[in-house]
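Subject: Structure handover

Hello,

Here is the structure for you to look over. My notes follow below it.

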Amino acid sequence: MSDRKRDNKGRLLRQGERQREDGRYEYRYKDIKGNTRSVYSWKLVDTDKAPFDKKCAESLRELEKQMRRDLEDGTLRG
């Protein structure tokens, strides 16, 4: 078995991603100033369903794309 991180469904997680004990996914990144920031989501990918009593608009992977795009454009503020 691989030594890479997996979620509770057995899916491989990318660098910077992790699944918290409460089931939420977290993505950590560094902003323009070098500070560590995090974004959270109940869904890893768009096809996942959020828990019944939890509100979730976007998946973690979509949030990652936005963060990368904003960092490249220089529009992400800390």
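Start with Arg11. At 23% relative accessibility, Arg11 counts as partly exposed. The scale here is relative accessible area: buried is under 20%, exposed is over 50%, and partly exposed lies in between (1.4 Å probe, protein chains only).

Before the rest, the ground rules. This is a predicted model, where local features need pLDDT of at least 70 and side-chain atom pairs count only at pLDDT 80 or more, while totals for chains, interfaces and linings use all residues. Residues are numbered from 1 along each chain as its sequence is written, and side-chain values use heavy atoms, with hydrogens and water left out.

Salt bridges

Arg11 has a partner. Its side chain meets that of Asp7 in a salt bridge, at 2.9 Å from N to O. The criterion is a side-chain nitrogen of Lys or Arg within 4 Å of a carboxyl oxygen of Asp or Glu. Asp7 is buried, at 6% relative accessible area. By this rule there are eleven salt bridges.

Asp31 and Arg37 form another of these, at 3.1 Å from N to O. Asp31 is buried, with a relative accessible area of 7%. Arg37 is partly exposed at 31%.

A further salt bridge links Arg68 and Glu64, with the closest N and O atoms 3.0 Å apart. Both residues belong to helix H1, four residues apart, so about one helical turn separates them. Glu64 is buried, at 0% relative accessibility. Arg68 is partly exposed, at 37%. Salt bridges with shared partners also join Arg18, Arg20, Asp22, Arg24, Glu26 and Arg28 into one network.

Helix H1

What span should helix H1 have, and what do its end C-alpha atoms give? H1 covers residues 60-73, which makes 14 residues; at 1.5 Å a residue it should span 20 Å, and its end C-alpha atoms are 20 Å apart, which agrees. The expected span is 1.5 Å times one less than the number of residues. Helices (H or I, at least four residues) and strands (E, at least two) are DSSP runs, numbered from the N terminus.

The buried residues of H1 are Leu60, Arg61, Leu63, Glu64 and Met67. They cover an arc of only 155° around the axis, so they lie on the same side of H1. That arc is taken from the directions from the helix axis to the C-beta atoms. In general, an α-helix has 3.6 residues a turn, so residues three or four places apart point the same way.

What do the buried residues of H1 pack against? They pack against strand S1 (17-19), strand S2 (25-30) and strand S3 (36-41); contact means heavy atoms within 4.5 Å. The face turned away from the buried side carries the exposed residues Glu72 and Asp73. Gly74 follows H1, with a positive phi near 80°.

Rings

There is one aromatic pair. The ring centres of Tyr27 and Tyr29 are 6.0 Å apart and their planes are at 20°, so the pair is stacked. The rule takes rings of Phe, Tyr and Trp (its six-membered ring) with centres within 6.5 Å; planes under 30 degrees apart are stacked, over 60 edge-to-face, and the rest tilted. Tyr27 is buried at 9% relative accessibility. Tyr29 is buried at 11%.

Arg24 turns up again here. Its charged end sits over the ring of Tyr40, 5.2 Å from the centre. The charged end of Arg24 also sits over the ring of Trp42, 5.7 Å from that centre. The test is NZ of Lys or CZ of Arg within 6 Å of the ring centre and within 35 degrees of the ring normal.

Best wishes
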